[in-house]
Structure formats: C-alpha cells, structure tokens
Amino acid sequence: MYGSGMDLAQRQFLEQIRGRKATLEEIQMVHSEYHSLLFGTNLLNRQKLDTRKLLGSVTQNFFTALPCGGLGVDSDTIWNEMHSSSAARMAVGCVIEMASKVASGELKNGFAVVRPPGHHAEESTAMGFCFFNSVAITAKYLKHKLNIGKILIVDWDVHHGNGTQQAFYNDPNVLYISLHRYDEGNFFPGSGAPDEVGSGPGEGFTVNIAWTGGLDPPMGDVEYLTAFRTVVMPIASEFNPDVVLVSAGFDAVEGHASPLGGYKVKAKCFQYLTKELMSLAKGRVILALEGGHNLTAICDASEACFYALLGNELEPLPQDVQLQKPNANAVASLEKTIEIQKKYWKSVQQYASEVDWSLKNAQNLERKETETVSAMASLSVDPRQRHSQKRSRSATT
C-alpha cells in the first residue's frame, strides 16, 4: 500500500518483500503450545489438543456463536474456520521478515501492513481482534535468533497493548512504551496504568502514558507531540536501542467513534512521530499495523508514516499546533508518568516543569540552551589555540 499521495519518484525507493507464514515454533516464543495449536492450525490438526480437558468439541469450547451466525473468540474477535489461522500466521511471519531484513541491514526501515493486529494477544488468550502478538514474537525472534541486544517497542495504538506488556514485563532488554486512552482503567482493555512499570529485572522498562479524562477534551496532535518531547524520546534515547519496533495502530486518528477511540489526532501527526523515532537505532525502525477501524484514517496515517520513512523533509508543524498548550488532562497524565519514571530514567526529570509548555516555547528554550552551550564551548578553547586562530586570521587578511 503506497497511498495515492506518493508520486512515482517516491515509489521507486520502496521495496515490497515477500511475506510468509510464521512457524508454530516462532509463535511459541510468546504463546503457549496449546494457544498456538488452537489458533494456528486447522480443525483436523487441533485434535492434538488434550481432549480430556474438553467438555465437547474444540470448536464448541473455545468459540462463541455470534448473532450473525458465525464464530468468535468473543463478540469482537471473529473466527473464520477456513482463513483465520492462515491470516494470523501470515501477519506474524510478515513482521518477522520485515524486521529481520532491517536488523541485518538489508533494508533501512520498513512498514508491515498486516492484519489481524496482535498487541492484545496474551500468552494463552486471544482478544480484541488479536490472535498472535506479531510485534512481541518479532522482538523475541530478533533477540534469540539474530542476537539483537536492546529493542524498543513503541505502541501508539489508542488501546493499551496488554499482550506486549505481559510478554516483556520482567525483561530489561526490551523497553515497552505505550501511549493509550486509559480513563482510570475504564477504557478497553483496562490495563496500562502509569504505575505498571515492570517487575524484577524488568522494573522500569515498561512506560505507560495513560491518558485520562475521557473526551473532555479529546487528545490531539499537541498532546501526542508533547508526550514524545517530554517522555518517549528522552527515555528512548537514554535506553539507546539497537532496533525500534512500532505497534502502529491508527485508532487515535480523528474519525473513530468513542468506543473505538474518540481522539482527534491528525493522520499527518504520525509523520512527525515516525521521524523522531528514526533518530534512534541508526534509523532501524519497523512499523507494524495494529488497530484502526476507519479505512480513510488508516490509509492517510500509513501514507504519512511512509513519507517519513523515505527520509523526506517534513513541512514545519502548523503554527496553531506550535503555539497551543496541551490540555489539562494530558498535562496531569504526563506529570504522573514522569513522577513515576524519573526513578528509573534521569532524562525525564528536567521535563517535569515543562509539560504544560507549548511546542514553540520548548523549541525556543532548546535553541537558547544550544546557543549557551556553544558560547561556553568557545570560551573553553585553549588560549594558545585561540591565539593561533587569531594569527591565522590575521595572516589571511
């Protein structure tokens, strides 16, 4: 999917790669054998499951009859006996293939446009349209098969990636950062509180920017850009990952009704978020499509991300976005995250008093600080070197 806004000159730099189905062994890097067989094989092969634990047939026990006459894991997560297992395994395999080529240097970056999504799928649970956690499996694959040291996962889907968080909750080599609508646990899936920070050796390597306050007002570009400025990028830079994986859900984009999102982030905003992430890991960034239930929003946001991945120069942010301050609910949410995370990440401490600033004010301060550092650096030059430079200039004139 290239998007109609890309001209032929841009398309020539895109390379489509061949996808494949993930193996059951790869899926079991995150999911239980039972779960992998249940959702990754056809009905005949599912007879390998321990039928002693079943009251009836596998289908009757694990799938619910829906009002439409079909089957589903729940009322949202529909199951097609002919195609769902193949589609779910293909989604995982495509993300693994893309990430492997980027991690090995064969490709600069990539975007896996796949469905079904995966970030809600837990070790032994399918939910929220997700059967297998593609991004989590890919992170495990990169660690164990390609020996990638540190992996950053950024999840900007409007729903919290409960499955991804679970997979790495005690892992200090995978940093999981999520921006999601939380509303004190009243928005699906209810997880992702700011004080969920990881456990054991992984404590501090889970960062939840849990937006609260409902839709009064809804979060938009300013709030997401501020979150990146004050939390995401400082922590990510301090972590210094080798590869960046993005659970790129686009249900925060305007056009999604409240039950599925309700926020007002513009599609083009994700262009700037992608560009910022490209400053990490020598640009080794892989996006994988997660949520998004408005086709126009998905296409527009995906195209914006592609534009950034191609290395294009981005237009300056609109003036109104630069001058606007984040809303009070966003400020409170970010301050809470910073208060919790400053125990683990020194880089966020300086932003505690800057959360309610406009982007313009923050840029002005950054520019002044840079000028001050440059001035101090020039004053600290060895006197003999300054004298030599002065003589050189005099000789030239």
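This is a predicted model: local features need pLDDT of at least 70, side-chain atom pairs count only at pLDDT 80 or more; totals for chains, interfaces and linings use all residues.
Biologist: How many helices and strands does the chain have?

Modeller: Helices (H or I, at least four residues) and strands (E, at least two) are DSSP runs, numbered from the N terminus. Here the chain has 14 helices and nine strands.

Biologist: What share of the residues is buried?

Modeller: Buried means under 20% relative accessible area, exposed over 50%, and partly exposed in between, with a 1.4 Å probe and protein chains only. Of the 397 residues in the chain, 52% are buried. Ser100, in helix H5 (residues 84–103), counts as buried because its relative accessibility is 14%.

Biologist: Which residues does Ser100 contact?

Modeller: Contact means heavy atoms within 4.5 Å. With neighbours within four places in sequence left aside, Ser100 touches Tyr141, Leu142 and Leu146. For the chain, take contacts between residues at least 6 apart in sequence: 75% of them join residues at least 24 apart.

Biologist: How do H8 and H12 lie, parallel or antiparallel?

Modeller: Axes are lines fitted to C-alpha atoms, for helices over the stretch in contact, and angles run from 0 to 180 degrees between N-to-C directions. Angles under 35 degrees count as roughly parallel, over 145 as roughly antiparallel, 65 to 115 as roughly perpendicular and the rest as oblique. The axes of H8 and helix H12 (residues 328–341) come within 10 Å and cross at roughly 5°, which makes H8 roughly parallel to H12.

Biologist: Which residues of H8 meet H12?

Modeller: An α-helix has 3.6 residues a turn, so residues three or four places apart point the same way. In H8, the residues are Glu223, Thr226, Ala227, Thr230, Val231 and Ile235. They meet Ala330, Leu334, Thr337, Ile338 and Gln341 in H12. The residues of this contact divide into six nonpolar, four polar and one charged. Ala, Val, Leu, Ile, Met, Phe, Trp, Tyr, Cys and Pro count as nonpolar, Asp, Glu, Lys and Arg as charged, and the others, Gly among them, as polar.

Biologist: Which residues touch the most other members of the largest nonpolar core?

Modeller: A nonpolar core is a set of buried Ala, Val, Leu, Ile, Met, Phe, Trp, Tyr and Cys residues joined through side-chain atoms within 4.5 Å. The largest has 65 residues, and Trp156, Leu179, Trp211 and Phe250 touch the most other members. H8 gives the largest share of this core, 11 residues. A second, separate core of 41 residues includes Ala22, Ala112, Tyr176 and Ile286.

Biologist: How many residues of helix H9 are buried?

Modeller: Seven of the nine residues of H9 (residues 269–277) are buried, among them Phe270, Tyr272 and Leu277. The buried residues of H9 pack against strand E5 (151–155), H8, E8, strand E9 (285–289) and helix H10 (295–309).

Biologist: Which peptide bonds are cis?

Modeller: The bond from Arg115 to Pro116 is cis, with omega near 5°, and Pro116 is in the loop between strand E4 (110–112) and helix H6 (134–145). The bond from Phe188 to Pro189 is also cis, with omega near 0°. In the loop between E4 and H6 there is also Phe129, which has a positive phi of about 75° although it is not a glycine.

Notes
Residues are numbered from 1 along each chain as its sequence is written. Side-chain values use heavy atoms; hydrogens and water are left out.
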